[in-house]
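Have the structure open as you read.

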Amino acid sequence: MQDHTLALTLELDWLQCVLDRRLEQHFQQQDLDLAAAGPLPELPPGSALGELIVRLQLSPAERVVLALALAPHLRPAMLDLLFMRNQNLDRGFTEFGGLKAQGHGGFLPTGETAAFLVAGEDLAARVALLACFDAGHAFARETLLSLETPASGEPQLSGALLASSEALQRLCSGTARKPDFSAQFPAKRISSPLGWEDLVLAPEVMDEVQQLCAWMREGAHLMQDWGLARALKPGYRALFHGPPGTGKTLTATLIGQVVEADVYRIDLSMVVSKYIGETEKNLARVFDQAQSRRWILFFDEADALFGKRGAANTANDHHANQEIAYLLQRVEDFPGMVILASNLRSNIDEAFSRRFQSMVYFPMPDAEQRLRLWQQMLAPEHLDADVDLELLAQRHELAGGAIANVIRHAALKAVRAGRQQVRMQELRAGLARELRKEGRTL
Ligand SMILES: Nc1ncnc2c1ncn2[C@@H]1O[C@H](COP(=O)(O)OP(=O)(O)O)[C@@H](O)[C@H]1O
Ligand SMILES: [Mg+2]
């Protein structure tokens, strides 16, 4: 922890020197030389900032930009000097850029402020600086900082220079925070206490699922080293379809587990928000982070996405269609793995299904698979002597999700009666209940 804050302190001390020298030189109308502003600080190698600078091979100019974006958060008064007025014109200096904050009392840097520090009046250096704000730059790829889009018609560099909250967190504490679900971040990480060995799938389904794992492990290698990037569109889009409770969500979760990637489930009900434009911004946030972090994006109950686009009768329908079109485009362009799950197949627009690299049908488990599911979920020591799981598995066609419900019901009955074992009759009652839900009888 101390290393992290020490690194930030050293970096900001250096930024302070750069700022002082820059102002001095500006008023003496000299060119700025970053090297003249004092030696680049040596940061503790164990610090998050030190590690980042080495890994991304940040140049001194890039370090200024990053430190500048962090400064208002860490040394709020540091930039106040830039509020200085131009005596001749009785107004601020245009070349310092900057914004007056609403709540915060200090000076908030813009792209212009960064240009002032690193380029001064050197046009070539100013143009070179623009690369820092490209979508392909490490700053954007790793969601460290961004330049806010300026008001229409204003110069690009007049947008605010913003450090991301994740970057702050990461550089101050050394740990990346897993973002929390919110309206601004409509995705939630999913995990499971189950492991790969608990997954019960027919061999051909398992084989398709293994293809997905292989892409996660070897996709980059194939695209780059085999040169397949010339022939193949980046990314991998899979559709999991089949009856409820057959393990679609579980499989998506476990793929992430075995290939060591986080799986984020996107809540579609949050996608179509009332506030025009907000949704796109929120989704963009999810896709951008997913891209830099190698997340698997999972859209559960994705049917809403591929239904035939409804006629837009109201402004709201029109808006919803627009958001969906945007989302589909992002899904299609996403260079990582996207898994969509649906309980129905007939719903899926044919034009859309052509865009999947893989369509995996999750059938109802057969009797043998059902027996494995029963046995895995209920340990033998919790079975009364009269329980015949084989018989239950043979007789009743149920998906894994339904079997789990039956077991929950029966186990609750048993513990309420003060027993540690479930009885056959309790399992039967649970079964009847579960079948009734599906409109079937025992
Ligand atoms: N094929 C399966 N293998 C192992 N467990 C399963 C399987 N299918 C369902 N389950 C159990 O049922 C639960 C619900 O399954 P889920 O993955 O949510 O189904 P779906 O997403 O297809 O509706 C799982 O968490 C797991 O406990
Ligand atoms: Mg599910």
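In α16, Ala402, Asn405, Val406, His409, Ala410, Lys413 and Ala414 touch Glu426, Leu427, Ala429, Gly430, Leu431, Arg433, Glu434 and Lys437 of α17, where contact means heavy atoms within 4.5 Å. That contact splits into seven nonpolar, three polar and five charged residues; Ala, Val, Leu, Ile, Met, Phe, Trp, Tyr, Cys and Pro count as nonpolar, Asp, Glu, Lys and Arg as charged, and the others, Gly among them, as polar.

A word on ground rules: this is a predicted model, with local features needing pLDDT of at least 70 and side-chain atom pairs counting only at pLDDT 80 or more, while totals for chains, interfaces and linings use all residues. Residues are numbered from 1 along each chain as its sequence is written, chains are lettered from A and ligands numbered from 1 in the order in which they are written, and side-chain values use heavy atoms, with hydrogens and water left out.

**α16 and α17**
- Helix α16 (residues 400–416) and helix α17 (residues 424–437) have axes that come within 8 Å and cross at roughly 135°; axes are lines fitted to C-alpha atoms, for helices over the stretch in contact, and angles run from 0 to 180 degrees between N-to-C directions.
- The pair is therefore oblique (under 35 degrees is roughly parallel, over 145 roughly antiparallel, 65 to 115 roughly perpendicular, the rest oblique).
- Helices here are DSSP runs of H or I, at least four residues, numbered from the N terminus.

**α8 and α9**
- The axes of α8 (residues 203–224) and α9 (residues 248–259) come within 10 Å, crossing at roughly 40°, so α8 and α9 are oblique too.
- From α8, Val209, Leu212, Cys213, Met216 and Arg217 meet Thr251, Ile255, Val258 and Val259 of α9.
- By class, that contact has seven nonpolar residues, one polar and one charged.

**α3 and α4**
- α3 (residues 60–74) packs on α4 (residues 111–118) at about 140°, axes 10 Å apart, which makes α3 oblique to α4.
- Ala61, Val64, Val65 and Leu68 of α3 meet Thr113, Ala114, Leu117 and Val118 of α4.
- Seven of these residues are nonpolar, one is polar and none is charged.

**Ligand 1**
- There are 16 residues around ligand 1, and Val200, Gly245, Lys248, Thr249 and Leu250 come nearest (a residue is near if one of its heavy atoms lies within 4 Å).
- A side-chain N or O atom of Thr249 is 2.7 Å from a ligand 1 oxygen atom.
- Backbone N or O of Thr246 lies 3.2 Å from a ligand oxygen, and a polar backbone atom of Gly401 is 3.3 Å from one.

Definitions and conventions
Helices (H or I, at least four residues) and strands (E, at least two) are DSSP runs, numbered from the N terminus. A polar contact is a pair of N or O atoms within 3.5 Å; within protein, one must be able to donate a hydrogen and the other to accept it, and residues adjacent in sequence count only if both atoms are side-chain atoms.
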